[in-house]
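Dear colleague,

I am passing this structure on to you, together with some notes to read alongside it. Please have the model open as you go through them.

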Amino acid sequence: MGIPWDDVVLIQLSKSPNEASVITVNCPDKPGLGCDLCRIILEFGLCIVRGDFSTDGRWCYIVLWVVPHTSSCKVDWESLKNRLLSVCPSCLVSYYFNQPPSNSSQSSLYLLKYCCLDRKGLLHDVTKVLTELEFTIQRVKVMTTPDGRVIDLFFITDEMELLHTKKRREDTCEHLITVLGEYSISCELQLAGAEYESLQGFSSLPLAVAEELFGSELPDKEDCSQCADQKGLFYDILRTSKDLNIQIAYGRISSSVKGYRNMDLFIRQTDGKKIVDAKQQTALCSHLKEEMLHPLRVIVTNRGPDTELLVANPVELSGKGRPRVFYDVTLALKMLGICIFSAEIGRHSTSDRQWEVYRFLLDESPEFPLASSRARNQIVEIVRNTLMGW
């Protein structure tokens with residue numbers, strides 16, 4: 001018994017560009033399910049404009065109204081449905097009595113080695129192709145050679161779980177070569193080996209840089225009675241709730257009005273009890289305030305004689321970082337016309353959490369003097385606005 005598997009996730013597409021598509025999820029509940037669903041929706045370049053969700057602790061019903069972040073965003077709705085289904089628990093009645101163990105196996109890690117001639121916006125164009133093909137970038141190492149060539153090492157996992165097939169690997173390389181055309185030199189895709197281990201030694205951050213990047217910058221005067229609308233807002237809130245073992249029994253997210261949203265959340269502990277301790281309530285509010293006002297950190301600093309852009313992204317306790325950060329940062333730099341000399345992704349731990357850190361060494365250019373404080377402030381502003389969807 002149960003409900004048909006095809007009815008677990010239903011997607012009603014909008015009839016016009018001005019309308020939102022509606023995603024309905026009706027399945028057994030599990031800790032962090034809302035967070036997992038919002039993360040996938042964010043991966044596909046969609047923005048949640050309204051939402052209703054409720055659970056009795058065993059079964060949940062979620063309705064989300066979504067629109068693409070940009071008009072150029074192309075959404076594979078069938079693939080989105082399959083991805084959403086993949087995180088929903090089984091809907092059989094036997095689920096409650098004999099739930100199978102969750103699949104803890106990790107996706108295989110592959111190395112994409114791409115060599116091409118350098119040009120502005122190259123790194124973003126490669127990242128865009130990988131994102132559209134539903135790859136997740138786990139690590140990256142980008143190097144520019146003296147003769148103007150770029151060697152990109154992308155360590156990726158395949159959300160479609162098809163990279164073990166020769167066709168998927170060949171199609172990926174062919175797609176990259178087609179998109180980048182005359183700039184392409186070579187493309188190789190294979191299972192990652194010792195190369196990945198060599199990149200685990202993420203260069204440590206200087207103490208002063210770490211303090212600036214991870215220090216709290218929350219403006220005390222901010223009014224949090226309303227949430228400023230931004231990309232990934234619901235994911236950030238649900239991620240925080242998931243990490244703190246807080247269950248949202250019922251929630252309603254309003255449409256944006258003048259750049260703000262109202263949100264009603266009825267919460268409880270995972271054991272079903274109310275949160276009555278005043279200190280626990282204060283700590284929860286503090287965590288949520290920090291994630292709503294300051295979910296990502298962006299600074300520009302010096303790295304020896306070079307200029308470095310750093311972006312920090314909090315990692316879930318499950319080990320996953322926020323989706324599409326590398327995509328958004330490279331897009332912002334492409335819009336500014338700034339070339340990237342090298343790039344890397346690594347992890348950094350502070351006293352209370354782990355962060356995913358993106359480091360970009362930027363190329364100097366006559367059109368954009370990086371030594372100028374005005375130029376640096378502009379880089380930070382454009383990168384942050386792109387990340388936040390402003």
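A salt bridge is taken here as a side-chain nitrogen of Lys or Arg within 4 Å of a carboxyl oxygen of Asp or Glu, and buried means under 20% relative accessible area, with a 1.4 Å probe and protein chains only. The model is predicted, so local features need pLDDT of at least 70 and side-chain atom pairs count only at pLDDT 80 or more, while totals for chains, interfaces and linings use all residues. Residues are numbered from 1 along each chain as its sequence is written, and side-chain values use heavy atoms, with hydrogens and water left out.

With those terms in hand, D152 is buried but has no salt bridge, and the nearest side chain of opposite charge, that of R119, is 9.8 Å away; for charge, Lys and Arg count as positive and Asp and Glu as negative, whereas His and the chain ends are not counted. D152 belongs to strand β7, residues 149-158, where strands (E, at least two residues) and helices (H or I, at least four) are DSSP runs numbered from the N terminus. Leaving aside residues up to four places away in sequence, D152 touches L112, K113, Y114, L123, V126, K141 and V142, contact being heavy atoms within 4.5 Å.

Next comes the sheet. Its 6 strands form an open sheet in the order β1-β2-β4-β3-β10-β12, with antiparallel pairing; two strands pair if DSSP finds at least two bridges between them. β1 (9-12) and β12 (263-269) stand at the edges with a single partner strand each, so one side of each has no neighbour in the sheet. Between β2 and β4, which run antiparallel, there are 8 bridges, and S21 stands opposite V66 in β4.

Helix α1 (residues 33-43) is largely enclosed by the rest of the structure, because 10 of its 11 residues are buried. These buried residues, among them D36, R39 and E43, pack against β2 (21-28), β3 (46-55), β4 (59-68), α2 (77-87) and α7 (233-243).

Finally, H294 lies in the loop between α8 (278-293) and β13 (297-303), and H294 counts as buried because its relative accessibility is 9%. In β13, 5 of the 7 residues are buried, and this strand pairs with β14 (residues 306-314) in the antiparallel sense over 7 bridges, V298 having V311 in β14 as its bridge partner. The two strands form a hairpin with 2 residues between them, and G304 in the turn has a positive phi of about 65°.

With best wishes

Conventions
Buried means under 20% relative accessible area, exposed over 50%, partly exposed in between (1.4 Å probe, protein chains only).
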